[in-house]
Amino acid sequence: MSSIEERFAAGANRPGLDRRTLLKTLGVGAVGLAGIPLLSACTGGSAPGASATASKSLSFGSGSSDEVPKAGYKAVTDAFTKKSGITVNTNVVPHNDFQNKINTYLQGSPDDAFTWFAGYRMQYYAGKGLLTPVDDVWEKIGPNFSDAMKKASTGPDGKKYFVPNYNYPWGFFYRKSFWAEKGYEVPTTFDALTSLSAKMQTDGIIPIEFADKDGWPAFGTFDYINMRLNGYQFHMDLTAHKESWDQKKVSDVFDTWKALLPYQNPGALGMTWQDSAKSLGDKKSGMYLLGSFVTQQFTDPALLADIDFFPFPEIAMEGMDAVEAPIDGLLLSKKGGQNQAAHDFLAFMGTAEGQDAYASKDPSNIATAKGADQSNFSPLNKKCADVIAGAKSISQFFDRDALPAMANNVMLPALQGFIKDGSIDVKNLEAQAKTLYAAQ
Amino acid sequence: MTTGMESPIGITGAKGDARPRKRRRIRLLSRTDKIVLSVMVGIPTLIQLVLIWIPTVLSIGLSFVRWNGLDLSDIKAAGVSNYSYVFKDYPPFWPAVQHNVLWLVFLAVIATPLGLLLAVLLDQNIRGSKIYQSIFFIPVMLSLALIGIIWQLFYQKDNGLLNFLLGTAGTPQAVDWFGDSDVNIWAALIAATWRHAGYVMILYLAGLKGVDASLKEAASLDGANAYQTFFRIVFPAMRPINIVIVVITIIESLRAFDIVYVINRGTNGLELISALVIQNLVGEGQVIGVGSALAVILLVISLVPIVFYLSRAFGKEKV
């Protein structure tokens, strides 16, 4: 009832606060709840030093709890079991819980393999020694992936940790028929984008649809302007805080954004991306910078077929080489590294066969392995896949490339403030970044 | 809340009374009695210790360190840097303090008197009083998710009831009740009032029932009108309830959290200290040191009304 209790409840939930109790509880829970998988798994992974080849099973932690991706991973594990005879015991955890509790999960008794993202969050745990490098797997699956994928799968020590499954690109989505009717053309430079926007505004439509009530969608605009202006490497260094926020390059990003701000939906701060998608579908706005998951909102097949996409136009550097395309895939925990079956499972995920199994249930994402079946792709999916395949570098979206606290606690409110009145205090961003990154 | 506060008073009160008779009584206790007693005292004490005192002390401790939450060996002393970060570098902090103060003023000036008014009206034996009571009390019982949906229906920019009634729905003049940082705090405060007034109403209804009817009779015999009877006689007679209401109002304004959280997680004009604590302690944006520092700040602020309440309660015991 009281504020005090509530706060303390929050304190007690804090991962690692009372570590011993927590670990004990986790241990007891694991024995009690997962007794059966544990028994069957103890032939392999849990015996240190034992020859790993004997193992015939592995445990797999999945944060993909939604119906469609859950079915996707089920198809992958089934196909793997059928091919190799290795049993996979899947533990599905609701995705928010999975993400929020990853710290305790990795230190407690993690599964051998688990779902995660590329980017800072992967590199961070790799650096802390909580993951197993999978260079042996990459020797087999290396040829299946582009250089950009290899780069995104590499940890801070140069070893590979991650096996990509799928990703989805961010870009401008628009209605083909609407643009044809009005005579708009796809802009390839920033100037073309602003003059097109000006034209749309005189035509009485909102040029660039935008929604930022939830705070995260604005990261997409920031990332793209930053990468087009300062290059991919600067984006990586800035998000890793190897570069200072208090410098001209960063203020330039915001100055450039100011040129777009008048054309973005002024109601953005009260809207969710679903609201914005609707407005794009209703021809109230001209284009919308978002991930390709925006198409989930267009349930009418005729409308869906009318949706097209173009990459963020070039500004100053590297043309349109960099694409923001968050990658989801698999990692091996420290413990899972001792289980050869888990290595085999990751290798399977890195083949067209494994990814086709996933895509058979979840066709909305783009498989990352070369040779994955594209016969079911819509023209839009094909275009998305081509843009990713042609990318020289792939960024993961600000909240995956940066320290999550920097993204959620600092940049999210700062960008909302910027959207509101065009003001930003880069000195303060740097001051906050210093404190937060030092705590890691 | 009330239970947490009553227990220390109860214990002290009992001790004061029991002291002279103590020696005689203890001899009367059998071994079973002693075991039962120590279990009955021990278990609540243990629960209190585990759920309240240990986390409090740990929170205070953690507010002076930097820690990534991974390995205990990663804990580094940080002095007061977490506090100076919160006070100097963390932009949402001062707006959050202002919003908490605004919340307090609004609840104290609008919501609590409204609850009192409702209670007085419903105490007049009007027909259907029970039904009205239930209706006004329902918001207190509703879950977080439901509250979010209900107010979304009212405040939505394009399809919401409010803009529809104003005739601005779907036009560019439509007020963006949740997205516009100049108005969303007021929208949230209305929603908070909707709940708080019902809560206050129930407490005052109980209080009004407890006021001796002969007091009112005596006042009317002396020629007092309805206002005088209420403000000079009935209201002062409800002093214990009034103190509880004051403390509840203060604590509600400090723990205000759920409504802003369902609107936009406490960003963009809806910052509150409690929302900042949650953001910094739970989930991916976890910064243990900063979150603990915020929690300690909130604790210190909360202690003020609690101490006020306790000193009032103790003072009364002595008289």
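This briefing walks through a predicted two-chain model, chains A and B, topic by topic. Because the model is predicted, local features are described here for pLDDT of at least 70 and side-chain atom pairs count at pLDDT 80 or more, while totals for chains, interfaces and linings use all residues. Residues are numbered from 1 along each chain as its sequence is written, and chains are lettered from A, with ligands numbered from 1, in the order in which they are written.

**Confidence in chain A**

- Chain A has a mean pLDDT of 83, pLDDT being the predictor's confidence in each residue, from 0 to 100.
- Of the residues in chain A, 88% reach 70 or more.
- Take care with residues 1-52 of chain A: the pLDDT there is below 50. Even so, this stretch has 80 contacts in the model beyond near neighbours in sequence (a contact means two C-beta atoms, placed from the backbone, within 7 Å).

**Where the chains meet**

- Chain A puts 43 residues into the contact and chain B puts in 48.
- On the chain A side, helices H1 (3-13), H5 (95-100), H6 (102-107), H21 (404-421) and H22 (426-438) each supply at least two residues. Helices (H or I, at least four residues) and strands (E, at least two) are DSSP runs, numbered from the N terminus.
- H1(A) gives the most to that side, with 9 residues.
- By type, the chain A side splits into 17 nonpolar, 19 polar and 7 charged residues. Here Ala, Val, Leu, Ile, Met, Phe, Trp, Tyr, Cys and Pro count as nonpolar, Asp, Glu, Lys and Arg as charged, and the others, Gly among them, as polar.
- On chain B, look at Gly285, in the loop between helix H14 (273-281) and helix H15 (288-318) of chain B. B:Gly285 counts as buried, with 23 C-beta neighbours inside 10 Å; the cut-offs are 20 or more other C-beta atoms within 10 Å for buried, 12 or fewer for exposed, and partly exposed in between, again with C-beta atoms placed from the backbone.
- Leaving aside neighbours within four places in sequence, B:Gly285 is in contact with A:Pro404, A:Ala405, A:Asn408 and A:Asn409, as well as B:Gln279 and B:Asn280.

**The four-stranded sheet in chain A**

- This open sheet runs E6-E7-E5-E8, with mixed pairing (strands pair if DSSP finds at least two bridges between them).
- Strands E6 (206-209) and E8 (307-310) of chain A are at the edges with a single partner strand each, so one side of each has no neighbour in the sheet.
- Neighbouring strands are turned by 25 degrees against each other on average, direction ignored. Axes are lines fitted to C-alpha atoms, for helices over the stretch in contact, and angles run from 0 to 180 degrees between N-to-C directions.
- Strand E5 (170-175) of chain A runs antiparallel to E7(A), and 5 bridges join them. Within this sheet, A:Phe173 stands opposite A:Tyr288 in E7(A).
- Helix H15(A) packs on the sheet, touching E5, E6 and E7 of chain A, and its direction makes about 140 degrees with that of E7(A).

- Strand E1 (57-62) of chain A and E2(A) run parallel, joined by 6 bridges; A:Phe60 stands opposite A:Thr90 in E2(A).
- H17 (340-349) of chain A is mostly covered, with 8 of its 10 residues buried; among them are A:His343, A:Phe345 and A:Leu346.

**Nonpolar core**

- The largest nonpolar core has 179 residues, and A:Phe173, A:Phe345 and A:Leu346 have the most contacts inside it. Such a core is a set of buried Ala, Val, Leu, Ile, Met, Phe, Trp, Tyr and Cys residues joined through C-beta atoms within 7 Å.
- Helix H9 (184-210) of chain B gives the most to this core, with 14 residues.
- Beyond four places in sequence, the contacts of A:Phe173 include A:Leu280, A:Met287, A:Ile307 and A:Phe309.

- Most residues other than glycine have a negative phi.
- A:Lys283 has a positive phi, near 60 degrees, and is partly exposed, with 13 other C-beta atoms within 10 Å.
- A:Phe397 has a phi near 85 degrees and is buried, with 21 other C-beta atoms within 10 Å.
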